[in-house]
Amino acid sequence: MSSGTVTVIGSINMDLVTEAGQFPNKGETILGKSFSTIPGGKGANQAVASSKLGTKVNLIGCFGNDAFAKTLNQHFETQGINTNYIEVASGEPTGIASITIAENDNHIIVVPGANHAVTPQLVEKYEHVIAASETILLQFEIPIESVEKAVELANKHGVRVILNPAPVQPISISVMASVDYITPNEHELAVLLDDEEKKAFYEQNREKFVITHGSKGVEYFEDGQSHLVSGFSVEVVDTTGAGDSFNGALAVALTRGDSLAEGCLFGNAVGALSVSKLGAQSGMPTKEEVEKFIRTRNV
């Protein structure tokens, strides 16, 4: 019987966000407009996106024994996320991301810290959580060996796996073959297909690839054909977390039994709403907000 649960295994950061009128040139100092600390990390972002859309969510990850950790744990609990599987990595600081927002774009530097402590051994410790889940959602801000272990355990228990390959790095064909869906953007797809063997795998298994094209929409493959689900036009405030919003939404949609086409439409709407507000997690919409948005767009 389906548990209806999404389990996210991934990074937890505190985002240190600076807004400015423009990006500084090399060696240049400029005045910023504002500064704020906002919960972030791709794993945490995707967990929050899924939870705000009304699905039961577990988050497996690590943070440090510091003030950021306490703030983040309280935040996740207020978002309805099960925090029982987040561990404290002694001797490591909570991960941070230094984000500069300007010119309708962002520059990001990530210091992983405790995210390095999300080891294969820690993932294996929570095999029972993976086994009881409907969907596992993964990214690349934890060690790749841990991603591989999570995929292995999910396969063992017949659990759906969505892999968001960001920040992008090459992975083996065996990993690509073992997940249900891979969700790269165009740049990430080019990095994944870094040799002829992988390109051949892609051509033979295109139904595994859900390719995001920013405001243009999302491309998926079904019945031997490529389909483009158009994006929504909105006023952009902050693009941070847009991809995470889409992936969290796609996981929710597939977990509740939607088709891939419906999941892509739902994900596009969530992503569009998320970029219309400041902050990755704070800008993520609720299920009710998404449904209203889709209705008003006559989709």
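**Figure 1. Glu103 sits in the loop between strand E6 (95–102) and strand E7 (105–111).** Here, helices (H or I, at least four residues) and strands (E, at least two) are DSSP runs, numbered from the N terminus. The model is predicted, so local features need pLDDT of at least 70 and side-chain atom pairs count only at pLDDT 80 or more, while totals for chains, interfaces and linings use all residues. Residues are numbered from 1 along each chain as its sequence is written, and side-chain values use heavy atoms, with hydrogens and water left out. The backbone is worth a look in this view: phi of Glu103 is near 55 degrees, a positive value in a residue other than glycine. Is Glu103 buried or exposed? With a relative accessible area of 52%, Glu103 is exposed. Buried means under 20% relative accessible area, exposed over 50%, and partly exposed in between (1.4 Å probe, protein chains only).

**Figure 2. Asp223 lies in the loop between strand E12 (217–222) and E13.** Asp223 is not a glycine, although its phi is positive, at about 55 degrees. The relative accessible area of Asp223 is 73%, so this residue counts as exposed.

**Figure 3. Phe232 and Phe293 form an aromatic pair.** A search of the whole structure finds four aromatic pairs. Rings of Phe, Tyr and Trp (its six-membered ring) pair if their centres lie within 6.5 Å; planes under 30 degrees apart count as stacked, over 60 as edge-to-face and the rest as tilted. The pair of Phe232 and Phe293 is edge-to-face, with 5.0 Å centre to centre and 65 degrees between the planes. Where do the two partners of this pair lie? Phe232 is in the loop between strand E13 (225–230) and helix H9 (242–255), and Phe293 is in helix H11 (residues 287–296), so the pair links distant parts of the chain, 61 residues apart. Phe232 counts as buried, at 12% relative accessibility, and Phe293 counts as buried too, at 9%. Elsewhere, ring pairs link Tyr202, Phe209 and Phe221 into a cluster.

**Figure 4. Val234 is found in the loop between E13 and H9.** At 24% relative accessibility, Val234 counts as partly exposed. Which residues touch Val234, leaving aside its neighbours within four places in sequence? Val234 is in contact with Ala272, Val275, Phe293 and Arg297, where contact means heavy atoms within 4.5 Å. For a sense of distance, follow the C-alpha atoms of Val234 and Ile99: they are separated by 22 Å, and the two residues are 135 residues apart along the chain.

**Figure 5. Ile171 has its place in the loop between strand E9 (160–163) and helix H6 (173–178).** Ile171 is buried, with a relative accessible area of 4%. Beyond its neighbours within four places in sequence, Ile171 is in contact with Phe140, Ile144, Leu163, Met176, Leu192 and Lys198. The C-alpha atoms of Ile171 and Leu193 are separated by 9.0 Å, and these residues are 22 residues apart along the chain. Pro167 is also found in the loop between E9 and H6. The peptide bond from Ala166 to Pro167 is cis, with omega near -10 degrees.

**Figure 6. Lys149 is placed in helix H5 (residues 144–156).** Is this lysine, Lys149, buried or exposed? Lys149 counts as buried, at 15% relative accessibility. When its neighbours within four places in sequence are left aside, Lys149 is in contact with Pro120, Val123 and Glu124.

**Figure 7. The protein chain holds eleven helices and 13 strands.** Its radius of gyration is 18 Å, close to the 19 Å that the globule rule gives for 299 residues, so the chain is as compact as a globular protein of that length. The radius is taken over C-alpha atoms, and the globule rule is 2.2 Å times the number of residues to the power 0.38. Along its principal axes, the C-alpha trace spans about 55 × 45 × 40 Å. Of the 299 residues of the protein chain, 53% count as buried. Among contacts between residues at least 6 apart in sequence, 68% join residues at least 24 apart.
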